[in-house]
Amino acid sequence: MTVAISTSDLTFGYGATPLIEGWDQRIDCGELVAITGPSGCGKSTLLYLLGLMLSPTRGEIHIGGSPTSRLKDAQRARFRAERFGFVFQDAALDTTRTVLDNVIETTLYRGESASSKVPDALALLERFGVGLRAAARPGQVSGGQAQRIALCRALLHKPEIVLADEPTGNLDPASAAVVLDAFREHASSGRTVIVVTHDPSVVAKCDRTIHL
Ligand SMILES: Nc1ncnc2c1ncn2[C@@H]1O[C@H](COP(=O)(O)OP(=O)(O)OP(=O)(O)O)[C@@H](O)[C@H]1O
């Protein structure tokens, strides 16, 4: 198996007390992994660390075999744009732009033409049941729709690693099943999906659970 992410002695705290301590894990390409644990135990924080949005206090994170602790900010930003798709707990859509523009916005950071991605973006929105909202603004869509739009943005470039924080939290079971199918398809193509979740039905569909 090819390693997607590995950590050694990963340690982090917002203050003096570590929230995550001595975390040694390996997640392979092709895996769909659930991260679970009680509220406040550090699951979102762990996703921010794995996604290079926070820096460890101690230890190392390897992405695709490359150590990341010495990367400069610009290199980390490029790593994120090229390799990751993120789904944040609150969707984090830009309210000043249309739904479609939100989905294709990461194209800009990748140095690609945004217009070339419009058909793929529309197809994804359609798949997730929000195709008719493409021209709306995020303020005009429901929480569950916003979550699915954020998923489209995360999946558009078929990133090596998708990091999703409670991606089905606002969804009905049928919509959640569509999301899980898309994650499974993504992992089956040799990519990796890491999902923070409290939902037992999501856990049941993952290959493996890491309990924090
Ligand atoms: N920016 C921050 N500064 C200081 N403390 C923080 C910060 N972000 C989170 N925390 C604290 O770190 C702890 C872990 O938070 P985190 O959001 O990672 O937990 P979680 O397991 O994802 O929780 P939940 O399941 O409720 O979403 C909490 O006690 C939280 O209050």
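## Tour of the helices, a loop and the ligand shell

Start with helix 1. Its buried residues are covered by, among others, strand 1 (3-12), strand 2 (20-28), strand 3 (32-36), strand 4 (58-63), strand 7 (161-165) and strand 8 (192-196). Helices (H or I, at least four residues) and strands (E, at least two) are DSSP runs, numbered from the N terminus. Covering goes by contact: two residues touch if their C-beta atoms, placed from the backbone, lie within 7 Å.

This is a predicted model: local features need pLDDT of at least 70, side-chain atom pairs count only at pLDDT 80 or more, and totals for chains, interfaces and linings use all residues. Residues are numbered from 1 along each chain as its sequence is written.

**Helix 1.** Select residues 43-50. K43, L46, L47, L49 and L50 are buried (20 or more other C-beta atoms within 10 Å of a residue's own; exposed means 12 or fewer, partly exposed in between; C-beta atoms are placed from the backbone). The arc is taken from the directions from the helix axis to the C-beta atoms. Step on to L52, which follows helix 1 and has a positive phi, near 60 degrees.

**The ligand.** Show Y14, L19, G37, S39, G40, C41, G42, K43, S44 and T45, which surround it (C-beta atom, placed from the backbone, within 6 Å). Colour by class: three are nonpolar, six polar and one charged. Ala, Val, Leu, Ile, Met, Phe, Trp, Tyr, Cys and Pro count as nonpolar, Asp, Glu, Lys and Arg as charged, and the others, Gly among them, as polar.

**P138.** Next, pick P138, in the loop between helix 5 (118-127) and helix 6 (143-155). Is P138 buried or exposed? P138 is buried, with 20 other C-beta atoms within 10 Å. Beyond its neighbours within four places in sequence, P138 contacts L93, T95, V99, N102 and A146. Now draw a C-alpha to C-alpha distance to A123: 18 Å, for 15 residues of sequence separation.

**Helix 7.** Select residues 173-188. At 1.5 Å a residue, these 16 residues should span 22 Å, and the end C-alpha atoms are 22 Å apart, which agrees. The expected span is 1.5 Å times one less than the number of residues. A176, V179, L180, A182, F183, H186 and A187 are buried in helix 7. They cover an arc of only 155 degrees, so they share the same side of helix 7. That side packs against strand 3, helix 6, strand 7, strand 8 and helix 8 (200-205). Finish at G190, which follows helix 7 with a positive phi, near 90 degrees.
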